[in-house]
There are 2 protein chains.
Amino acid sequence: MALIVQKYGGSSVADAESIKRVAKRIVETRKAGNEVVVAVSAMGDTTDELLDLAHQVTPIPHPRELDMLLTAGERISMALLAMSIRSMGHDARSFTGSQAGMITDARHGQARIVDVTPGRVRSALDEGAIAIVAGFQGFNRGTGDITTLGRGGSDTTAVALAAALGADVCEIYTDVDGIFTADPRVVPRAHKIDRISSEEMLELAANGAKVLYIRAVEYARRHGVTLHVRSSFNNNEGTIVFNELAPDAAGQAGSGASGGPGIPNLGTTPQTAELPSENSEKSVEEPLIAGVAADLSEAKITVVGVPDIPGKAAQIFNIVAKTGANIDMIVQNVSAAATGLTDISFTLPKSDGQQVLQTLTSSQPEVGFSSLQYDDQIGKLALVGAGMRTNAGVSAKLFTALYEAGINIEMISTSEIRISVVTRADTVNDALRVVHTAFGLDSDTEAVVHGGTGR
Amino acid sequence: MALIVQKYGGSSVADAESIKRVAKRIVETRKAGNEVVVAVSAMGDTTDELLDLAHQVTPIPHPRELDMLLTAGERISMALLAMSIRSMGHDARSFTGSQAGMITDARHGQARIVDVTPGRVRSALDEGAIAIVAGFQGFNRGTGDITTLGRGGSDTTAVALAAALGADVCEIYTDVDGIFTADPRVVPRAHKIDRISSEEMLELAANGAKVLYIRAVEYARRHGVTLHVRSSFNNNEGTIVFNELAPDAAGQAGSGASGGPGIPNLGTTPQTAELPSENSEKSVEEPLIAGVAADLSEAKITVVGVPDIPGKAAQIFNIVAKTGANIDMIVQNVSAAATGLTDISFTLPKSDGQQVLQTLTSSQPEVGFSSLQYDDQIGKLALVGAGMRTNAGVSAKLFTALYEAGINIEMISTSEIRISVVTRADTVNDALRVVHTAFGLDSDTEAVVHGGTGR
């Protein structure tokens, strides 16, 4: 008997009909002999409606009370889902984050999980019941207060439960078929990735792929949880996010059994051996690129005329760190010998831009730079793949493809399995398509695209 | 410093504007130097909407999950109310039934309170905060599950908190000005009662007055809690429901201090001495009638031709008791000597009628009666007043008034402070007006009537 954790997002439980459809899917998984734990988000637009109500009452809702308010959303969806399953003749019990043992710190609105004690969930499973757990929410022991986990919180709930319960797989149900080599809305010939390492997935998520939240991927990677990202609207195989460090996943990855897209795995235990393996022909011939992501949410700040003396970069980024902003790419130009001055550029979320600019401006006398430049018309393109580790030709191929398309590169940053470049915002989608083609990722058919998903 | 518990029903917090209005009222009570605890119902139609969702998912929602679902309603209203108070610069904290220590048995949908441990509420007050508690909901220690208290549950929450915290008064805010001598929609000249004993209030509530739930009144009476029923739409004094057994209330009732209707008591500690006392002239001159109530929700069953031998009535009502129906009035006719048979009639809620009829029908061979008659076209009129205890003329006056109006009396039942009569359903409202006038209850002005209220 396998233990499967499933996560359903808000678009999968948007109304009573959707809830019944999801309930049926859960029951089928149970009837196939699996133990099933479900993490569920609030229905469709519920969270937005609750936020709207809060803002009608006060422009700045108190964080503790906002968490109390928003957690009503999952309470509604989980109770409806449990009663729907009950009406199909299967035992099901809903649990709040607190009842499910999701212990967090006290940071309302963005709480971090500090412990998971799913005793009641385990008991429910032992008694043959399906456990339905509220996603997105937790509980702080010190204050006794309800907390929420922030964006992507329900994914994190599911992964944390899977880790704590030792689940065989954590299925993330969404409204797309899985992880794609690029955003199908921009690159129609993008194709679904059958398998991707958690390391590659992390890079893709961090660089703009929006199906999985980086935090949930990190949690899964750290705790050896295998993810299966798939659509709740069909029975197709989705994308397996495997953990290279997990002996099970690594051991079975090379066994080469196939069960390609389109074969429903409901009713079977989704052991990794039955899941599509990576294309082994490709992996010896050329660098294996997992996918390409584009991100338009960042801005670039350039600190102009910084004295080129040791410690200046550290000083600047210490000042920036105090604002809490997430710095992404950093580039320091070679110093012009004549002046002894250099320029330092970095990218950061646009939402952090104004505060960092203000903080840096007030530090100008102390740091001694000439001026600041702010540019929010940039786009970031990231090429991700574990295969590029051992192949030096990847960056050359990338730069050539962009050059031939007339796209100018403004910044470059690389990691072991990723190359990121910054271009003008209005060229990044062209860049995405050009690079997707250049690395042979184009599919023969166009992808079907549904709407977007929430928390 | 007085401790005031306030309860706001769904119609008082129907939207963001109403919530802000209620928040302002709460803040004013706090600013006047009182400690304030608030029990709040779900917003307007929220409960009905959640019930509707549940029924879209399954015709018979599982009771545990239905409670989980419905409790989302108060979670929303209490969080919004707390953040609204916070935005006015006062500390406020919302607490679920579980957090506020409302311990109940495990009967989902109609749980009874078994203990109240409001430690967190008390701590919040000690720290200067206003405590906002979810009405209607509780928590069972054995199962760890969320429960709901059933109809009128928020009133009960407020009274139970007032009792556990030793509050000076429990203010029940509603959409009418208080308790009236009769339903103002039927008797336009009904007037608001300034003070009524809990004993009288119990009889009125049990006989069709809908502003207060009998259960909350019982709880208040048993625990010596003084209630103040008043409108959340104005600052008028409402109706004080005092407890004759409570030494404070009894001692101050005769002190005769006046503060009639229309004098706002916001900003003052509503000590009972400042509240309107009963009209002492009236109480020595004639039997003090508190009010008249009419009830159209009952039906009458007559068991015809019961052998007039000892134990038959006990046998019949033991059979009826097994159905769980609430029997109200019982009348047994004098036996006709010639036949040795008698008729037994009783009233009960119409909703219980069919099941009791079926049960009795199947017991016919055993009991040995001739036939059953079912009549759901009856109306019940109840005249309530502690003064009738010592005045034998009340029933004569009642029967005369009805006779002169041509209204036939079908059943009569009396308690120490109540006389109930059953009439045809279509005459009960006429009866209400006639009796109201006959006992000198008519006011000089017509009452203003708002809409109805929920749980």
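## Ground rules

This is a predicted model, where local features need pLDDT of at least 70 and side-chain atom pairs count only at pLDDT 80 or more, while totals for chains, interfaces and linings use all residues. Residues are numbered from 1 along each chain as its sequence is written, chains are lettered from A and ligands numbered from 1 in the order in which they are written, and side-chain values use heavy atoms, with hydrogens and water left out.

## Where the two chains meet

Let's start with the interface. Chain B puts 40 residues into the contact, and chain A puts in 40 residues too; contact here means heavy atoms within 4.5 Å. The size of an interface is often given as the accessible area lost when the parts come together. For chain B and chain A, the buried area is about 3,200 Å², with carbon and sulfur atoms giving 64% of it. (Buried area is the accessible area, taken with a 1.4 Å probe, that two parts lose on being put together, summed over both.) On the chain B side, B:Val57, B:Arg75 and B:Met83 lose the most area to chain A, together 22% of what that side buries.

There are 18 residue pairs in polar contact between chain B and chain A, both residues being at pLDDT 80 or more. A polar contact is a pair of N or O atoms within 3.5 Å; within protein, one must be able to donate a hydrogen and the other to accept it, and residues adjacent in sequence count only if both atoms are side-chain atoms. As for which pieces of chain B are involved, helix 1 (16-31), helix 2 (46-57), helix 3 (63-70), helix 4 (72-87) and strand 3 (92-95) each give two or more residues to the side that touches chain A. Helices (H or I, at least four residues) and strands (E, at least two) are DSSP runs, numbered from the N terminus. Helix 4 of chain B has the largest share of that side, 11 residues. Sorted by class, the chain B side that touches chain A has 21 nonpolar, 11 polar and 8 charged residues. Nonpolar covers Ala, Val, Leu, Ile, Met, Phe, Trp, Tyr, Cys and Pro, charged covers Asp, Glu, Lys and Arg, and the others, Gly among them, are polar.

Over all chains, the structure has 42 salt bridges, and 2 salt bridges cross the interface of chain B and chain A. A salt bridge is a side-chain nitrogen of Lys or Arg within 4 Å of a carboxyl oxygen of Asp or Glu. One to look at is A:Arg120 with B:Asp145, whose closest N and O atoms are 2.7 Å apart. B:Asp145 also forms a salt bridge with B:Arg64, with closest N and O atoms 3.0 Å apart. B:Arg64 lies in helix 3 of chain B and B:Asp145 in the loop between strand 7 (137-139) and strand 8 (146-148), so this pair ties together parts that are 81 residues apart in sequence.

B:Arg64 counts as buried at 6% relative accessibility. (Buried means under 20% relative accessible area, exposed over 50%, partly exposed in between, using a 1.4 Å probe and protein chains only.) The side chain of B:Arg64 has a polar atom 2.9 Å from the backbone oxygen of A:Ser94. Leaving out residues up to four places away in sequence, B:Arg64 touches residues including A:Arg86, A:Phe95, A:Gln99 and B:His108. There is also a salt-bridge network linking A:Arg64, A:Glu65, A:Asp145 and B:Arg120.

B:Arg93 pairs with B:Glu127 in a salt bridge, the closest N and O atoms being 2.8 Å apart. B:Arg93 is in strand 3 and B:Glu127 in the loop between helix 5 (119-126) and strand 6 (130-134), so the pair ties together parts that are 34 residues apart in sequence. B:Arg93 is buried at 18% relative accessibility, whereas B:Glu127 is exposed at 53%.

B:Lys380 forms a salt bridge with B:Glu298, with closest N and O atoms 3.6 Å apart. This pair links distant parts of the chain, with B:Lys380 in strand 18 (residues 378-384) and B:Glu298 in strand 14 (residues 298-307), 82 residues apart. B:Lys380 and B:Glu298 are both buried.

## The annotated site in chain A

An unreviewed UniProt entry carries a "binding site" annotation on residues including A:Lys7, A:Gly9, A:Thr174 and A:Val211. UniProt positions are given in the numbering used here, feature names are shortened, and annotations may be inferred rather than shown by experiment. A:Gly9 sits in the loop between strand 1 (3-8) and helix 1 (16-31) of chain A, and is buried at 2% relative accessible area. Beyond its neighbours within four places in sequence, A:Gly9 is in contact with A:Ser41 and A:Tyr173. A:Thr174 belongs to strand 9 (residues 169-174) of chain A and is buried, with a relative accessible area of 6%.
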